[in-house]
Amino acid sequence: DKCVLRITPCQHCCQDFKACDLSTHFEKCLKMKVECEIGCGMSTFRENMAQHYESECQEKEVDCPFAKYNCKVGTLKRKELDNHLVETQDQHTELKLNALEELVLKQNEIILTQSKQMEKMSQQITALYSISNITILNWRIEKLEFIKTSVSDTYQVSGCAFSFQFCNGVIRIEFPAH
């Protein structure tokens, strides 16, 4: 049983290996229990170590959830986080409130800028509408039949709120006062 080529099962994962390869396998066997490399003292299967580091290890450095709001602590050990959150609750609330106030100010600036843009666009639309109405007016003058309303050569376009006079080859358009 001292042959280095004999087949031997891994005591952790039960897979068969040559006896000479078993020690190399132990360095990466996923079913082998290993101690936390950070130093919290916990042992777990190698395949679960990433999860241990991510969510359980009390020695792992983690970010304060309020770091994005400029908490001065930044990072601390997971085992210190609960105590930190309790001790700095008022400061964290103030930091979050300040961030919210900044956000409101930025939103108000955006709203003001957009309101000015909308007003400018409204004026441009009004100008375009006026040009459009002149085009429609020209079309109506060309297309509609004129009805003679008096001997003085004053004509009124049917359905329109204006009148015009044709006198000596000159057309005079009169719009009623609003």
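Me: Which residues of helix H3 are buried?

Reply: This is a predicted model, to begin with. In helix H3 (residues 78-87), the buried ones are Arg78, Leu81 and His84.

Me: How do you know that they line one face of the helix?

Reply: Look down the axis of H3: its buried residues fall within an arc of 85°, so they sit along one face. The face turned away from that buried side carries the exposed residues Asp82, Val86 and Glu87.

Me: What makes up the largest nonpolar core?

Reply: Six residues do: Val62, Cys64, Phe66, Cys71, Leu76 and Leu81. Take Phe66: beyond its neighbours within four places in sequence, it is in contact with Cys71, Leu85, His92 and Lys96. There's also a second, separate core of five residues, Val34, Cys36, Met49 and Tyr53 among them.

Me: Why is Glu59 called buried?

Reply: Its relative accessible area is 17%, and buried means under 20%, so Glu59 gets that label.

Me: What makes the pairing of Lys77 and Glu59 a salt bridge?

Reply: Their side chains meet at 2.8 Å, N to O. The cut-off is 4 Å, so the pair qualifies. Lys77 lies in strand E6 (residues 75-77) and Glu59 in the loop between H2 and strand E5 (61-63), so the bridge ties together parts 18 residues apart in sequence.

Me: Which other residue forms a salt bridge with Glu59?

Reply: Lys79 does, with the closest N and O atoms 2.5 Å apart. That pair links distant parts of the chain too, with Lys79 in helix H3 and Glu59 in the loop between H2 and E5, 20 residues apart. Shared partners join Glu59, Lys77 and Lys79 into one network.

Me: Why is Lys79 called partly exposed?

Reply: Lys79 comes out at 46% relative accessibility.

Me: Which residues form the nonpolar patch on the surface?

Reply: Leu97, Leu100, Leu103 and Val104, with about 350 Å² of accessible area together. Leu100 is in helix H4 (residues 89-143). At 48% relative accessibility, Leu100 counts as partly exposed, because exposed means over 50%.

Terms used
Residues are numbered from 1 along each chain as its sequence is written. This is a predicted model: local features need pLDDT of at least 70, side-chain atom pairs count only at pLDDT 80 or more; totals for chains, interfaces and linings use all residues. Side-chain values use heavy atoms; hydrogens and water are left out. A nonpolar core is a set of buried Ala, Val, Leu, Ile, Met, Phe, Trp, Tyr and Cys residues joined through side-chain atoms within 4.5 Å. Buried means under 20% relative accessible area, exposed over 50%, partly exposed in between (1.4 Å probe, protein chains only). Contact means heavy atoms within 4.5 Å. Patches are made of residues with over 30% relative accessible area and no salt bridge: like charges are joined within 9 Å, nonpolar side chains (Val, Leu, Ile, Met, Phe, Trp, Tyr) within 5 Å. Accessible areas come from the Shrake-Rupley method with a 1.4 Å probe; for residues, only the protein chains shown count as cover. Helices (H or I, at least four residues) and strands (E, at least two) are DSSP runs, numbered from the N terminus. The arc is that of the directions from the helix axis to the C-beta atoms.
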